[in-house]
Amino acid sequence: MTEHTELSGIDLSLVAETAERQMTRRELLRYAGAGAGALGLGALLAACGTGGNSGTSGGGGSGSNAVGSAGWWSKQKLHHQVQFANWPYYIDVQHGKHPTLEQFTKKTGIKVTYSEVIQDNTSFFQKIKPALQANQPTGYDIVVLTNNSPVFSQIIQAGWVIPIDHNRMPNFDKYASNLVTNPSYDPGNKYSMAWQSGYTALAYNTKFIKDDITSIDSLFDPKYKGKIGMMSDPQELGSAGLLALGKDPAQSTQADWQKAATKLQSQRALVRSYYDQSYIQALKNEDTWISMCWSGDIFQANLSGFKDLKLVIPQEGAMFWTDNMMIPKGAANPLDAMTLMDYVYQPKVQALIEDYNNYVCPVPDSKNIIASQLKDPTVANSPTVFPDAHIQSLSRLYYQYKNNQDLLTWNNLFLPIIQG
């Protein structure tokens with residue numbers, strides 16, 4: 001890279017070093033569904049309960065001065081500080097600092113307190129829920145939650161998220177990928193803006209499997225008995241079963257869920273284990289030859305020397321998840337939060353974040369910057385960092401639970417498969 005080249009105030013000499021990319025965000029991820037298995041389904045449903053605010057939306061009230069309305073936003077002032085809660089290892093790092101945030105402060109005067117406090121959606125929600133229920137600030141102005149977690153829709157339904165100000169999103173409106181604009185889980189991006197995305201797909205070891213794998217059906221092939229890895233998260237497992245049936249999970253019915261559960265039950269004898277994040281170690285150790293996977297993990301594994309692992313976006317489609325920035329009810333600095341949320345959609349800013357993260361970039365225009373100015377063609381040319389039209393056409397969204405009974409029905413079908 002060229003030293004001291006500046007992009008929108010970003011000094012490229014501050015780009016995160018590869019040596020510091022030792023872990024990925026997914027190495028600490030524990031989905032809400034997995035939490036249901038560990039903590040008990042009742043605990044999860046209690047955590048996602050809507051409390052006394054279920055009749056409100058986005059912070060409450062109605063009329064021109066309701067929280068999140070145009071009138072309310074027009075009265076907000078900058079306080080020159082913002083509290084940002086995110087997952088670990090999910091933003092550029094250089095010598096213990098975050099260059100993009102440092103440059104944001106220099107440019108705007110807004111100081112960012114960046115906290116890597118989210119280990120999984122459910123446990124984080126449990127921590128902030130008492131404050132939300134009591135109509136008190138959570139201590140954060142931005143939180144990052146995953147759309148495939150039941151927590152995501154529940155916190156919106158409870159009225160615990162402030163609708164974002166669409167008059168303050170020029171970069172998002174101009175540069176955001178069509179994969180993260182107007183998503184089905186948040187029509188019109190009323191409450192959220194994507195931080196990063198990824199695919200739940202499949203990977204296989206070309207050292208042992210010489211076939212050209214293209215279909216999710218390969219996870220059900222008897223010739224790989226004992227060498228198949230499946231995920232222990234019921235949202236992921238159930239979605240894989242639906243894809244194997246040719247069903248779009250987002251549009252699926254409870255009858256489809258039953259058929260998927262039956263298919264996955266019949267697969268049990270072939271499966272070596274149902275894994276959490278440890279699936280990647282099983283692939284590296286050659287305990288499994290083919291497995292469900294998260295796209296960023298395989299990308300990182302290839303970079304670290306595991307060249308025999310091949311990522312596949314199946315012809316039936318791959319589950320596309322997104323970690324979303326949201327402003328929780330009671331946030332002390334909402335205008336500062338909006339300023340930062342839109343700032344990261346500048347292509348030159350996002351390029352630095354993406355060159356560190358290696359997930360699906362929400363800003364396609366960052367690709368040429370990564371290739372030509374950051375001199376990192378491996379990231380720039382990755383089809384799972386910058387999906388082409390074909391891969392985008394294979395992106396599938398998760399079913400959005402309509403209520404707690406929906407979630408209970410889903411987990412009652414798929415958790416027994418995992419738990420054996």
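This is a predicted model: local features need pLDDT of at least 70, side-chain atom pairs count only at pLDDT 80 or more; totals for chains, interfaces and linings use all residues.
Me: How far apart are the C-alpha atoms of Q281 and A301?

Reply: Along the chain, the two residues are separated by 20 residues.

Me: Turning to the protein as a whole, what share of its residues count as buried?

Reply: The secondary structure of the protein is made up of 17 helices and 12 strands. Among contacts between residues at least 6 apart in sequence, 79% join residues that are at least 24 apart. Of the 420 residues of the protein, the share that count as buried is 59%.

Me: Which element gives the largest share of the largest nonpolar core?

Reply: The largest nonpolar core holds 125 residues, and those with the most contacts inside it are I155, M325, L340 and Y345. One of these, I155, touches F125, I128, L132, L145, W160, V161 and M326 when residues up to four places away in sequence are not counted. The largest share of this core amounts to eight residues, and the element that supplies it is β6.

Me: Which elements give two or more residues to the lining of the largest cavity?

Reply: Searching the whole structure gives four cavities of 30 Å³ or more, and the largest cavity holds about 80 Å³ of space. Its lining has 13 residues, of which T200, A201, I216, A240 and L243 are the closest to the centre. The elements that give two or more residues to this lining are β6 (193-205), α8 (234-244) and β11 (318-326).

Me: How many residues in the lining of the largest cavity are charged?

Reply: The lining residues can be sorted by type, and 10 of them are nonpolar while two are polar. What is left in this division is the charged type, and the number of charged residues is one.

Me: Is N189 buried or exposed?

Reply: N189 lies in the loop between α7 (170-175) and β6, and its phi is positive, at about 50°, although it is not a glycine. Most residues other than glycine have a negative phi. The relative accessibility of N189 is 4%, and because the limit for burial is under 20%, N189 counts as buried.

Me: What is the phi of Y89?

Reply: Y89 is placed in the loop between β3 (81-86) and α4 (99-108). At 31% relative accessibility, Y89 counts as partly exposed. Y89 is a residue other than glycine, yet its phi is positive, with a value near 55°.

Me: How far apart in space are I164 and N189, C-alpha to C-alpha?

Reply: I164 lies in the loop between α6 (150-157) and α7 and counts as buried at 5% relative accessibility. Leaving aside neighbours within four places in sequence, the residues in contact with I164 include W73, N189, K190, Y191 and M338. I164 and N189 are 25 residues apart in sequence, while their C-alpha to C-alpha distance is 8.1 Å.

Me: How many residues in sequence lie P163 and W73 apart?

Reply: P163 is found in the loop between α6 and α7, and with a relative accessible area of 8% P163 is buried. In space, P163 and W73 are 9.7 Å apart, C-alpha to C-alpha. In sequence, the number of residues by which P163 and W73 are apart is 90.

Me: How many disulfides does the count come to?

Reply: A disulfide is a covalent bond between the sulfur atoms of two cysteines. Among the residues of this protein, C293 counts as buried at 0% relative accessibility, and C361 is buried with a relative accessible area of 4%. The rule used asks for a pair of cysteine sulfur atoms within 2.5 Å, and by this rule the number of disulfides is zero.

Notes. Residues are numbered from 1 along each chain as its sequence is written. Side-chain values use heavy atoms; hydrogens and water are left out. Buried means under 20% relative accessible area, exposed over 50%, partly exposed in between (1.4 Å probe, protein chains only). On a 1 Å grid over the protein atoms alone, a cavity is a set of points where a 1.4 Å probe fits but cannot get out, and a pocket is an open set with protein on both sides within 12 Å along at least five of seven lines; lining residues have an atom within 4 Å of a point. Grid points are joined across faces, edges and corners, and a volume is the space filled by probe spheres set on the points. Helices (H or I, at least four residues) and strands (E, at least two) are DSSP runs, numbered from the N terminus. Ala, Val, Leu, Ile, Met, Phe, Trp, Tyr, Cys and Pro count as nonpolar, Asp, Glu, Lys and Arg as charged, and the others, Gly among them, as polar. A nonpolar core is a set of buried Ala, Val, Leu, Ile, Met, Phe, Trp, Tyr and Cys residues joined through side-chain atoms within 4.5 Å. Contact means heavy atoms within 4.5 Å.
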